Amino acid sequence: MSLPLDPESGDPIIDLISPRDIFRYLSQEYLQNFKEDRRVEFKSQAIHFDELAQYYSMFSNTAPDGGVIIIGISDKGDPLGCRTVGIDFQNKLEKFHRQHCPLAKPEIKKIPVSINGCSDFVISIYLPYIGRLVETNRSEAFIRYGDSKIKMTEDEKRDFRVSRQEIPFELEPCTL
């Protein structure tokens, strides 16, 4: 599959690109075209792993396609880079979900960028929607609406599970 292109200019139609394709085709050239929305979240390299787990839960619960977290970029979309974070941070990033958000299925890659003429990179993380509730290690679940991360209530989590056949409707308590 290729990116949806504008027939007049031949440029990609950014609003029609799925999170999977954003992850697949992301480059410094395309970074400047994206803003935070239902599919994309920007984070600086100073993100804490507990906060990152919430974003893993959020995109894993956001139908139909999940989303992409880009680390090393400002909220305005300017590349900050990740070269200074070190290999320990990168290694922890690749495995932390097993402890903090175990049902998430992240895919991670580095995107080369040039910042003030110096080579650097940002880290792109694709989190697919998996069709079942994904909670953090603190039993919290989040979902994305627009560009906002929303913490789900216990009732919302139950409704989510019922609507995805995790819990059979017939086993739900009757409120009559």
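Predicted model: local features only at pLDDT ≥ 70, side-chain atom pairs only at ≥ 80, totals over all residues.
Visitor: What makes up the protein, in helices and strands?

Guide: The protein holds six helices and six strands. Read along the sequence, they follow the pattern α-α-β-α-β-α-α-β-β-β-β-α. The C-alpha atoms fill a box of roughly 65 × 45 × 25 Å, taken along the principal axes. Of the 176 residues, 43% are buried.

Visitor: Why is Ser-119 called exposed?

Guide: Exposed means over 50% relative accessible area. Ser-119 has 62% relative accessibility, so Ser-119 counts as exposed. This residue lies in strand S4.

Visitor: Which residues does Ser-119 touch, leaving out those up to four places away in sequence?

Guide: Ser-119 touches Arg-83 and Val-113. A touch here means heavy atoms within 4.5 Å. As for Gly-81, it sits 38 residues from Ser-119 along the chain, and their C-alpha atoms are separated by 8.9 Å.

Visitor: What makes S3 and S4 a pair?

Guide: Two strands pair if there are at least two bridges between them. S3 and strand S4 (residues 118-127) have nine bridges, so they count as paired, in the antiparallel sense. Ile-108 stands opposite Ile-125 in S4.

Visitor: How do you know that S1 and S2 pair?

Guide: The rule again asks for at least two bridges. S1 and S2 have four, so they too count as paired, this time in the parallel sense. The bridge partner of Val-40 in S2 is Val-68. In general, strands of a sheet pair through backbone hydrogen bonds, either parallel or antiparallel.

Visitor: What is the order of the strands in the open sheet?

Guide: The order is S1-S2-S4-S3, four strands with mixed pairing. Strand S1 (40-43) and strand S3 (107-115) are the edge strands, as each pairs on one side only. From one strand to the next, the twist averages 25°.

Visitor: Which way do the residues of S1 point, and are they buried or exposed?

Guide: Val-40 and Phe-42 point one way, Glu-41 and Lys-43 the other way, and all are buried. The word buried is used for under 20% relative accessible area.

Visitor: Which residues line the largest cavity?

Guide: The lining consists of Asp-50, Ala-53, Gln-54, His-100, Thr-136, Asn-137, Arg-138 and Glu-140. Helix H3 (residues 49-60) gives the most to this lining, with three residues.

Visitor: How many of the lining residues are nonpolar, polar and charged?

Guide: The lining of the largest cavity divides into one nonpolar, four polar and three charged residues. Asp, Glu and Arg count as charged, so Asp-50, Arg-138 and Glu-140 belong to that group. Ala counts as nonpolar, so Ala-53 takes that place.

Visitor: How many of the contacts join residues at least 24 apart?

Guide: Among contacts between residues at least 6 apart in sequence, the share is 64%.

Note on methods: Residues numbered from 1 in each chain as written. Heavy atoms only, no water. 1 Å grid on protein atoms, 1.4 Å probe; cavity = no way out; pocket = protein on both sides within 12 Å on 5 of 7 lines; lining within 4 Å. Helix = DSSP H or I, 4+ residues; strand = E, 2+ residues; numbered from the N terminus. Axes fitted to C-alpha atoms, helices over the stretch in contact; angles between N-to-C directions. Buried < 20%, exposed > 50% of the residue type's maximum accessible area, 1.4 Å probe, protein only.
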